[in-house]
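Keep the view open beside the text and follow along.

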Amino acid sequence: MTERWTYEGFEMVVGLEVHVELDTATKLFSGSANRFGDDPNVHIDPVTLGLPGALPVLNARAVELGARIGLALGCTVQACVFARKNYFYPDMPKAYQISQYDKPLNIDGRLALSDGTVIGVERAHLEEDTGKSTHLGGSGRIHGSEGSLIDFNRAGVPLVEIVSRPDIVSPDQAREYVSELRAILVAIGASDARMEEGSMRVDANVSVRRPGEPLGTRCEIKNVNSVRSLGRAIDAEARRQVALITAGESVVQQTRHWDEGDGRTHALRSKEDADDYRYFPDPDLVPFVPSAEWIDEVRSALPPLPAKRRAALAVLCGVAADTEAVMTVVERGQDAYVAEVATHGADAARALVHVKEAFAELGARPRVPASDLAALVAMESSGAVTATQAKTLLGDLIDAGGGDPAALAAQRGFEAMDDGELVALVDAAIAAEPDAWQKYCAGEDKAMGALVGHVMKASRGQADGKAVSALLVSRRS
Amino acid sequence: MSTPSTAIGIAAAVRSGSMSAVDAVEQSLERIGASDGDIGAFLTVTASSARDEAAAIDAAVASGSDPGPLAGVPIAIKDNMCTRGIPTTCASRMLDGWLPPYDATVISRLRTAGAVIVGKTNLDEFAMGSSTENSAFGVTKNPHDPTRVPGGSSGGSAAAVAAGFVPVSLGSDTGGSIRQPAGLCGVVGVKPTYGAVSRLGLVAFASSLDQIGPFAGNVADAAVVLEAIAGHDPGDSTSIPEPFGPLGAAVPRGVEGMRVGRITDLPAGADPDVTERFEAAFDALADAGADIVDVEVPAFTYGLTAYYLIAPAEASSNLARYDGVRYGHRVAAPDTDAMYVATRTDGFGAEVKRRILLGTYALSAGYYDAYYGKAQRVRRLIADDFARAYTHADVLLTPTAPTVAFEIGAKSDDPLAMYLCDTYTIPSNLAGHPAMSVPFGTGADGLPVGVQVLAPAVGEATMFAVGAALERAMGAQR
């Protein structure tokens with residue numbers, strides 16, 4: 001159970017608003033490409049620029065991905081209406097954003113954390129992204145700048161905004177919620193969900209209260225660019241609010257900007273003079289009414305979700321499964337590969353560790369044939385090669401895109417040492433490191449390291465570390 | 001053989017080779033050149049591109065291909081429809097000099113049908129008004145009496161047909177902006193079923209009400225133009241799949257046995273000369289074999305009020321994009337907010353600002369339910385009342401406008417009096433139904449009076465049959 005955050009008798013209440021860019025070929029309401037990283041203002045058209053007479057046409061793929069997100073979060077997918085959110089800003093071409101207001105696509109979902117805590121998801125709705133402003137000179141904000149450049153490539157890119165209920169009680173929970181959400185979004189192919197690139201953006205609504213009291217006044221934190229920053233920002237903001245209250249002041253409802261540099265949040269604007277967005281149904285669009293059949297189709301196309309896949313991988317790898325490796329491998333989508341290695345009779349737990357460590361950069365499907373990795377793991381399990389040698393051989397397999405690990409081992413001169421050689425090496429180590437040996441015999445287990453190290457060095461890494469440890473243990477007793 | 005003056009006549013002559021498209025277009029340009037200085041129907045005359053297009057049509061005919069049902073027909077376009085590379089101003093300083101990079105769907109369809117665009121016509125700024133006096137670029141005069149307004153907002157397109165500059169033109173109708181000027185100028189004007197004609201490329205005023213339609217000198221010409229521009233457009237999400245049956249066949253059909261509804265609770269306020277012609281229209285249809293039946297449309301009377309909440313609300317949002325950032329008018333100012341204010345203060349006229357303010361207020365937090373929400377409920381009520389009425393009648397008849405064309409300036413300082421011009425036309429927009437104005441004789445000072453034929457959604461064929469019957473009755477009276 002994650003611990004509830006407390007500070008000077010206060011607890012925190014956090015709700016998260018997560019915006020994710022959907023992985024569609026085109027924009028939410030026009031045929032321009034949805035692509036990041038190109039020259040400015042190349043993915044534009046009359047709709048994107050809000051030219052007179054332009055009309056939006058809903059992207060069916062975006063709706064499907066939106067519903068996929070909803071269904072993965074256990075939401076009800078419902079008939080929905082697009083609404084205009086009216087406000088002026090230079091990178092908002094129509095001076096309104098097409099979003100969803102009182103009738104969003106998805107409502108009433110949930111996300112389970114690893115300890116079983118369930119965070120409610122209030123809604124997940126579709127909306128279009130804005131363009132990107134770069135303010136020249138001054139503080140980097142629009143006020144006081146010398147001029148602004150606008151890139152409309154991002155304008156109209158489909159977003160889903162996922163709004164949690166205020167069920168989060170600690171920075172750790174917030175981080176886990178976002179990490180798990182990210183894992184789900186990637187697993188279902190809805191988004192690449194990269195916070196650093198802005199394809200996933202997290203705003204946190206934070207308030208504090210004494211246990212049992214009603215909800216306090218909340219502040220919204222923006223500009224959080226990583227999961228780590230999210231935790232820091234929430235913690236800093238909650239402490240700021242506690243300090244205000246204990247000093248007899250009150251929290252003002254505000255939007256606040258997280259500053260990674262000074263580790264504090266800063267006021268952006270007061271909600272008191274907040275815009276009245278004058279939401280109303282967009283008369284250029286018709287309601288989207290999903291049929292039960294369509295919802296079933298989208299649901300049945302959902303791949304297994306990360307939690308389920310992690311459980312399956314953990315079962316496959318048995319009690320020896322490394323929890324962190326399970327998390328990582330599933331997040332990278334390499335669990336199917338581990339399972340395939342295991343079908344060749346290899347030890348799944350060992351394969352898991354190799355995949356986690358060696359295939360970080362290689363994407364979901366490592367290039368090394370599963371049968372080759374299985375053969376390598378089998379050699380390691382039988383003691384034919386040591387763990388260190390196996391790592392080296394896996395490097396060779398990756399470089400060559402596969403191969404026969406036995407042949408590679410022979411090329412490198414890796415051969416299992418016979419017991420006699422190993423005993424001799426251990427004896428030599430005890431003789432060379434008398435202090436370590438004495439300490440070890442006196443019960444200081446840490447001292448074993450120096451002895452093993454000596455053996456490994458003398459054998460140029462060919463000795464099996466496990467076998468050396470076993471010999472030392474039997475010698476001491 | 002005299003040269004044809006109707007769209008159907010010109011197209012037939014051009015397709016058969018008995019008249020060239022170049023001649024047809026040249027004639028139109030000559031008339032515009034000779035008389036538009038007195039009328040002011042056009043904001044832009046596209047003489048050069050029109051001549052090129054006409055020549056291309058003649059070449060097509062010569063090569064044996066068919067340029068389409070509007071071959072060589074000169075047409076004028078209200079200046080709120082996007083024409084690629086041709087100024088599209090909405091009669092506003094805000095868009096002065098703006099050149100659209102694309103054609104509206106109706107423009108592409110007209111070109112496909114062989115029509116030749118000879119120019120862009122004047123309107124009330126952003127189609128907001130009933131007299132064309134709200135144009136930033138001058139007043140259009142009624143060809144029947146140049147001291148009077150042509151109606152609005154599509155006054156330029158109505159006047160261009162009434163003056164004989166072009167046989168047909170396009171307007172847009174949000175609350176009566178085609179039918180009312182058609183009535184005041186003595187031409188045929190049609191507002192089709194909402195969604196029958198694509199709005200893609202029509203500069204939006206009130207998106208849920210706006211609809212493009214034709215002006216013509218006669219009902220049959222209006223039918224040909226409407227058929228050319230109507231049809232589903234995947235680029236307009238509110239476009240309907242199957243608009244209506246063939247209209248050409250409906251024109252000669254007659255009204256034998258048809259039930260023509262008289263709205264017993266129609267809002268009063270029409271001038272006696274208008275009422276007299278309206279009554280004469282019932283008589284004419286009865287003579288032609290129609291049954292005149294009484295119906296009630298109780299919510300009709302609330303149309304004007306609902307309209308003046310819904311239309312400005314949508315307009316306030318639709319016109320927010322004119323912020324000086326990306327295109328159009330910009331007034332320099334020290335910062336962005338000041339630039340918005342200066343640009344919009346200078347770029348928009350008084351009526352546009354009035355409606356933006358009305359609409360902004362109607363959508364504001366705390367007022368939404370009382371204003372916009374209630375207006376939408378009234379809208380539903382009107383549709384329900386019409387639906388009930390149409391179980392008893394096939395079409396309904398009303399006057400198009402309460403008065404004949406009024407003097408220029410007569411209502412300029414009285415927005416409410418101006419709004420009342422659209423009492424009879426607004427309910428069809430709110431219901432999304434088709435309606436057309438057909439000239440039916442003259443009233444005070446010999447000025448034209450229009451009669452409006454209303455039909456249920458996609459009831460255009462029936463509506464055209466009735467309109468044509470009225471036209472024939474008038475011809476017989478002459």
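Two residues count as being in contact if their C-beta atoms, placed from the backbone, lie within 7 Å. The model you are looking at is predicted. With that cut-off, 25 residues of chain A are in contact with 32 residues of chain B. On the side of chain A that touches chain B, the elements giving two or more residues are α1 (46-49) and β4 (82-86) of chain A. Sorted by class, that side of chain A has 17 nonpolar, 3 polar and 5 charged residues.

**Domains of chain A**

Now let us look at chain A by itself. The domain assignment divides chain A as follows.

| Domain of chain A | Residues |
|---|---|
| domain 1 | 6-299 |
| domain 2 | 306-412 |
| domain 3 | 419-476 |

Taken over C-alpha atoms, the centres of domain 2 and domain 3 of chain A are separated by 29 Å. The contact between these domains takes 4 residues from domain 2 of chain A and 4 residues from domain 3 of chain A. On the side of domain 2 of chain A that touches domain 3 of chain A, there are 1 nonpolar, 3 polar and no charged residues.

**A helix with two sides**

Which residues of helix α7 of chain A are buried? In this helix, which covers residues 323-331, they are A:Ala325, A:Val326, A:Val329 and A:Val330. Why are they on the same side of α7(A)? Because they cover an arc of only 125 degrees around the axis. On the other side of α7(A), you will find A:Thr323 and A:Glu324, which are exposed. The buried residues of α7(A) are covered by elements including α6 (306-317), α8 (335-343) and α9 (348-358) of chain A. Just after α7(A) comes A:Gly333, which takes a positive phi of about 75 degrees.

**The sheet of chain B**

Strand β7 (residues 259-263) of chain B runs parallel to β8(B), and 5 bridges join them.

Technical notes:
Residues are numbered from 1 along each chain as its sequence is written. Chains are lettered from A and ligands numbered from 1 in the order in which they are written. This is a predicted model: local features need pLDDT of at least 70, side-chain atom pairs count only at pLDDT 80 or more; totals for chains, interfaces and linings use all residues. A residue is buried if 20 or more other C-beta atoms lie within 10 Å of its own, exposed if 12 or fewer, and partly exposed in between; C-beta atoms are placed from the backbone. Helices (H or I, at least four residues) and strands (E, at least two) are DSSP runs, numbered from the N terminus. The arc is that of the directions from the helix axis to the C-beta atoms. Two strands pair if DSSP finds at least two bridges between them. Ala, Val, Leu, Ile, Met, Phe, Trp, Tyr, Cys and Pro count as nonpolar, Asp, Glu, Lys and Arg as charged, and the others, Gly among them, as polar. Domain bounds come from an automatic or database domain assignment.
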